[in-house]
Amino acid sequence: MNAANILIVEDEPGLILTLQDRFENEGYNVDVADDGEKGFQKASFGGYDVIILDLMLPKKSGLDVCRDLRAKDVFTPILMLTAKGQVIDKVLGLKMGADDYLAKPFEFMELLARIEALIRRNKRVKPAKKSDSTFSFSDVEVFISKGEVHKSGDAVTLSAKEFHLLHFMLQHQGELLTRERLLDEVWGYDSTPTTRTVDVHVAWLRQKLEDDHRHPKHIMTVHGMGYKFVL
Ligand code: CA
């Protein structure tokens, strides 16, 4: 079993279904994004072994996705798909950080072979797991494995719960997180805090990380429901 994680960023429903089906049959875990923005967000959070990225996408082109990921130090291998007859500037694409190309239409076995090669190559040259354990927003950097948070380059002291809460929010960026879910996921059942506990910890995180804690730009309140982390 491969059990590698693939992110497919593609907007053709038929192709998505086919690729998802075939890769799952090969034992891969497949995640899909159907436009460039979603693809960028998912890819930013790491955890993928390889990304299949269509060049022409709604909202954000494959080239832009690629360039912005590399600019954020996300070095997941990327195979770019190009449409038949599309004049692609291969040099430009490689400059943007793609690792390989394949023109549509293609044989699945060809794609599979290249994906396997990219994953193998990446495993060989993975000295430090930097990218998949680092998050950044505004001037804040979060180093998950080290348990460190920096703001404007200065270390910020967070309690374990604050750090855990922040990490959970970063992993579920853009999702509505109810107080109940946060209690469940971050506090667990080893204590009996109230939803007020969540509010207090969120307030502390805002004070430590937001430029203006009364007008947060990342740790947002969803009125009457909970919170949402946005980049
Ligand atoms: Ca497309």
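Trainee: Where is the place of methionine 56?

Mentor: In this predicted model, methionine 56 sits in the loop between E3 and H3.

Trainee: Is methionine 56 buried or exposed?

Mentor: Methionine 56 counts as exposed, because its relative accessible area is 52% and the cut-off for exposed is over 50%.

Trainee: And how far is methionine 56 from aspartate 35, in sequence and in space?

Mentor: The two residues are 21 apart in sequence, and their C-alpha atoms are 9.3 Å apart.

Trainee: Which residues coordinate the calcium ion?

Mentor: The calcium ion is coordinated by Asp11 and Asp54 through OD and by Met56 through O, at 2.1 to 2.4 Å. Along the chain, these donors follow the spacing D-x42-D-x1-M. Aspartate 11 belongs to the loop between strand E1 (5–9) and helix H1 (13–25), while aspartate 54 belongs to strand E3 (residues 50–54), so this pair ties together parts that are 43 residues apart in sequence.

Trainee: What about accessibility: is aspartate 54 buried or exposed?

Mentor: Aspartate 54 counts as buried, at 3% relative accessibility. Aspartate 11, at 30%, counts as partly exposed. Methionine 56, as said, is exposed.

Trainee: Switching to peptide bonds: which residues does the cis one join?

Mentor: A cis peptide bond joins lysine 104 and proline 105, with omega about -5 degrees. Proline 105 is found in the loop between strand E5 (100–103) and H5.

Trainee: Now the rings. How many aromatic pairs does the structure hold?

Mentor: The structure holds 4 aromatic pairs. One of them is formed by phenylalanine 23 and phenylalanine 108, whose ring centres are 4.9 Å apart and whose planes are at 70 degrees, so the pair is edge-to-face. That pair links distant parts of the chain, with phenylalanine 23 in helix H1 and phenylalanine 108 in helix H5 (residues 108–124), 85 residues apart. Both phenylalanine 23 and phenylalanine 108 are buried.

Trainee: What about phenylalanine 137 and phenylalanine 229?

Mentor: Phenylalanine 137 and phenylalanine 229 also form an edge-to-face aromatic pair, at 4.9 Å centre to centre and 80 degrees between the planes. This pair too links distant parts of the chain: phenylalanine 137 is in strand E6 (residues 134–137) and phenylalanine 229 in strand E12 (residues 226–229), 92 residues apart. Phenylalanine 137 is buried, with a relative accessible area of 3%, and phenylalanine 229 counts as buried at 0% relative accessibility.

Trainee: Which residues do ring pairs link into a cluster?

Mentor: The cluster consists of Phe23, Tyr28 and Phe108, linked by ring pairs.

Trainee: Where does the charged end of lysine 60 sit?

Mentor: The charged end of lysine 60 sits over the ring of phenylalanine 40, at 4.7 Å from the ring centre.

Trainee: On to helix packing. At roughly what angle do the axes of H6 and H7 cross?

Mentor: The axes of helix H6 (residues 160–171) and helix H7 (residues 179–187) cross at roughly 120 degrees and come within 10 Å. The crossing of H6 and H7 is right-handed. On the H6 side the contact is made by Lys161, His164, Leu165, Phe168 and Met169, and on the H7 side by Arg181, Leu182, Glu185, Val186 and Trp187.

Trainee: Finally, the whole chain: how many helices and strands are there?

Mentor: The chain has 8 helices and 12 strands. Of its 231 residues, 45% count as buried. Among contacts between residues at least 6 apart in sequence, 56% join residues at least 24 apart.

Conventions. Residues are numbered from 1 along each chain as its sequence is written. This is a predicted model: local features need pLDDT of at least 70, side-chain atom pairs count only at pLDDT 80 or more; totals for chains, interfaces and linings use all residues. Side-chain values use heavy atoms; hydrogens and water are left out. Donors are N, O and S atoms within 2.8 Å of the metal (3.2 Å for Na, K and Ca); water is not among the atoms, so sites may look incomplete. Helices (H or I, at least four residues) and strands (E, at least two) are DSSP runs, numbered from the N terminus. Buried means under 20% relative accessible area, exposed over 50%, partly exposed in between (1.4 Å probe, protein chains only). Rings of Phe, Tyr and Trp (its six-membered ring) pair if their centres lie within 6.5 Å; planes under 30 degrees apart count as stacked, over 60 as edge-to-face and the rest as tilted. A charge sits over a ring if NZ of Lys or CZ of Arg is within 6 Å of the ring centre and within 35 degrees of the ring normal. Axes are lines fitted to C-alpha atoms, for helices over the stretch in contact, and angles run from 0 to 180 degrees between N-to-C directions. A crossing is left-handed if the near helix is turned anticlockwise from the far one by less than a right angle, and right-handed if clockwise. Contact means heavy atoms within 4.5 Å.
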